[in-house]
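The following report describes the secondary structure, sheets, helix packing and chain contacts of the model shown below.

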Amino acid sequence: MPKIEVDKEFCKSCGLCTVQCPKKIIKIGNVVNSKGYNIAEQTDESQCTGCKLCAIVCPDMAIVVYK
Amino acid sequence: MSKEFIKGNEAIAEAAVRAGCRFFAGYPITPQNDIPEYLSKRLFEVGGNFIQGESEVASVNMVFGVAATGIRSMTSSSGPGLALKAEGISNLAGARVPSVVVNVARGGPAIGTILTAQQDYLSATKAPAPGGFKCFVLAPATVQEAADLVYEAFDIADKYRTPVYVLADGMTGNMMEVVELPPMRELSELPSKDDWRVNKLEQDGNFRSISSYSPTAEGLQEMNEASEAMYQQWDKEEQRWEAFMMDDAEYVVTGYGSSGRIAKSAVKELRAQGIKAGLIRPITLVPFPKDAFDQIDYGRIKEIFVAEMSIPAQYADDVRWATKSKLEIISVLTSGGVILETEAIVDAVKERV
Amino acid sequence: MNVVYGSPSFTSEVMGTGYCPGCGHGTVHKLLAEVVEELSVREKTVLCYPIGCAGLGGGWTNLNTLSCAHGRAGAVATAVKKTNQDNVIIAYQGDGDLAAIGMAETMHAANRGENITVIFINNTNFGMTGGQMAPTTLIGQKATTSPDGRDLERHGAPFKMAELIAKLEAPKFVGRYAVHDAKNAIKTKAAIKKGLQMQLDKKGYSFIEVLSVCPTNWKKNPLDSAKYIDEVVSKTYPLGVYKDVE
């Protein structure tokens, strides 16, 4: 099953991935990294299609996509 | 080796080519135009490149880029053009990019005059631009010396990874003299730049960066300390000057570049008249040849005649410092394009005899 | 499971970018790094970096970099390419650098048509220095030195760099792109790849303008900034190809 992994330390909570996701399964979560940013997380891994759009728009290379 | 009757500016240009210079960028300004004109043809004959930049600023930055790839590179200009190149020279010094910058000096301030003068001493030796750095500064007094020093400037630049500033003047640049030009260097014999040139990755695959910038305060301090260590090495190893008839001299005349040449004529004239005059002529302005002044017999000599084509005096400040204010400074000055006369120096000395 | 999208192998894995959240510089660095990797030209690439936010990327892309004085990347890139024809030379500049202090170098480099690629990040302000008015600031847009908004009579009109460059004879490929959403980022990457491929094929000068958000100085959050590109910035600066004579 496709899924994404968000690098906790690279994510800056910009949220661009959340609007990009066609399935709307990425949101800014409650986990805070060492720089004080709430990091993005995938809410329902089962729906992920591995389309990569979230990772492509990410300015910080914080998202790795698996398929 | 052949002798040629050649103009100073062209001798500078040809000497650069023979030293292995393969890139020049410049912008027209009198009295140095023969240098870019000559090189716009000559460099292509030897497989090099020439760009007439859109400005002085662009030109010096072109040299920054090309020299950073390990190609021997030069720019030249005059007074006001050097002011525009200042930021670029600062970048060359800060990023430690070996390069040669020639100033065929004219009179100022600002556009001043196209005629010869020596009013750029302080900017060349103390503060070409903000930030606190030094260029290695050479000051030729004849066309022969201009050719020789430009030729050597490229070696000095490579040895220390530093910009070398050749402070000539309109007189040397535009005079024709018989010159023995140095031999053509084979590029294959020049020092390899592979361990630092920017268009090669590090052996471990990491990138290289050529920059005068450091992301941390400590990093920049380290860069500046490294430069300071280099300046101290210059002081120890690279001071150069001409001392003439100094052994029994009772009157010392000093000047650099064209003034040094005129001062030498004055010393010969004074000797012919039975007056024991001697000459100190700096060849390196940075490092300043303070050892030459340390060797003065301060028991015998009480005053020093400083000849320069600058009003207000500039070089005289360094003479005062190098002689630790132990001698009375008597300045013999012209400015704004008025060429110093041998007789003016002779008369100044004779007034004191 | 395999990684189908991740860091290009040569980007730094420890640094992260120094950019503000949402900033387009990071995206363009990433796209550039991907293109360099895909074309296998890392060993011969030299990035001519500017002063300003764009200069922060030097280390992050792990590509050989020349740190140019403010505005001079066009001149530096021209000369480096002329003397090192086999290298891939990229001038990466922001709008203050390229269109204000470096306008002369920018126009002359374009006019000479040197076989280089210029990537121009247009975020309509001087970002690093705190959001001052740039040559690209929109009419009506507030900046710290145009507190009442840019005024046509007082400040003049915004410079449309892609249009200007496209009018010159020598440039071969000129376009304006954006990176605020994935669709546009994909197009931007294709343009960068085209520019670099043109260099390899010795086809000439390419100019790629990229509209980027500046959430910090626009005083908008990243998502609203992305909307602002769609709804406002791209109206003054229409996206598209302005010249393609490949």
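Two strands are said to pair if DSSP finds at least two bridges between them. Helices (H or I, at least four residues) and strands (E, at least two) are DSSP runs, numbered from the N terminus. The model is predicted: local features need pLDDT of at least 70, side-chain atom pairs count only at pLDDT 80 or more, and totals for chains, interfaces and linings use all residues. Residues are numbered from 1 along each chain as its sequence is written, while chains are lettered from A and ligands numbered from 1 in the order in which they are written.

**The sheet of chain B**

V100(B) has V164(B) in β7(B) as its bridge partner.

**Chain A**

Chain A contains 2 helices and 4 strands, and its elements run β-α-β-β-α-β from the N terminus on. Its radius of gyration is 11 Å, which agrees with the value near 11 Å for a compact globule of 67 residues; this radius is taken over C-alpha atoms, and the globule rule is 2.2 Å times the number of residues to the power 0.38. Along the principal axes, the C-alpha atoms of chain A fill a box of roughly 30 × 20 × 20 Å. Of the 67 residues of chain A, 43% count as buried. A residue is buried if 20 or more other C-beta atoms lie within 10 Å of its own, exposed if 12 or fewer, and partly exposed in between, with C-beta atoms placed from the backbone.

Strands β2(A) and β3(A) form a hairpin with 5 residues between them, and G36(A) in the turn has a positive phi of about 95°. In this pair, I28(A) has A40(A) in β3(A) as its bridge partner.

An open sheet of 3 strands has the order β1(A)-β4(A)-β1(C), with antiparallel pairing. Its edge strands are β1 (3-6) of chain A and β1 (3-5) of chain C, each of which pairs on one side only. Neighbouring strands of this sheet are turned by 40° against each other on average, direction ignored. V6(A) stands opposite I63(A) in β4(A), and V65(A) stands opposite Y5(C) in β1(C).

| Strand pair | Sense | Bridges |
|---|---|---|
| β1(A) and β4(A) | antiparallel | 4 bridges |
| β4(A) and β1(C) | antiparallel | 2 bridges |
| β2(A) and β3(A) | antiparallel | 4 bridges |

Between the two chains, 25 residues of chain C are in contact with 22 residues of chain A, where contact requires C-beta atoms, placed from the backbone, to lie within 7 Å. On the side of chain C that touches chain A, β1, α1 (24-38), α7 (182-200) and α9 (222-236) of chain C each supply at least two residues. The largest share of that side, 4 residues, comes from α1(C). By class, the side of chain C that touches chain A has 13 nonpolar, 10 polar and 2 charged residues. Ala, Val, Leu, Ile, Met, Phe, Trp, Tyr, Cys and Pro count as nonpolar, Asp, Glu, Lys and Arg as charged, and the others, Gly among them, as polar.

**An enclosed helix in chain C**

Helix α2 (residues 73-83) of chain C is largely enclosed by the rest of the structure, because 11 of its 11 residues are buried. Among them are G74(C), V76(C), K81(C) and K82(C). The axes of α2(C) and helix α4 (residues 103-112) of chain C come within 7 Å and cross at roughly 30°. That makes α2(C) roughly parallel to α4(C); angles under 35 degrees count as roughly parallel, over 145 as roughly antiparallel, 65 to 115 as roughly perpendicular and the rest as oblique. The contact is made by G74(C), A75(C), A77(C) and T78(C) of α2(C) with E105(C), T106(C), H108(C), A109(C) and R112(C) of α4(C). By class, this contact of α2(C) with α4(C) has 3 nonpolar, 4 polar and 2 charged residues.

Terms used
Axes fitted to C-alpha atoms, helices over the stretch in contact; angles between N-to-C directions.
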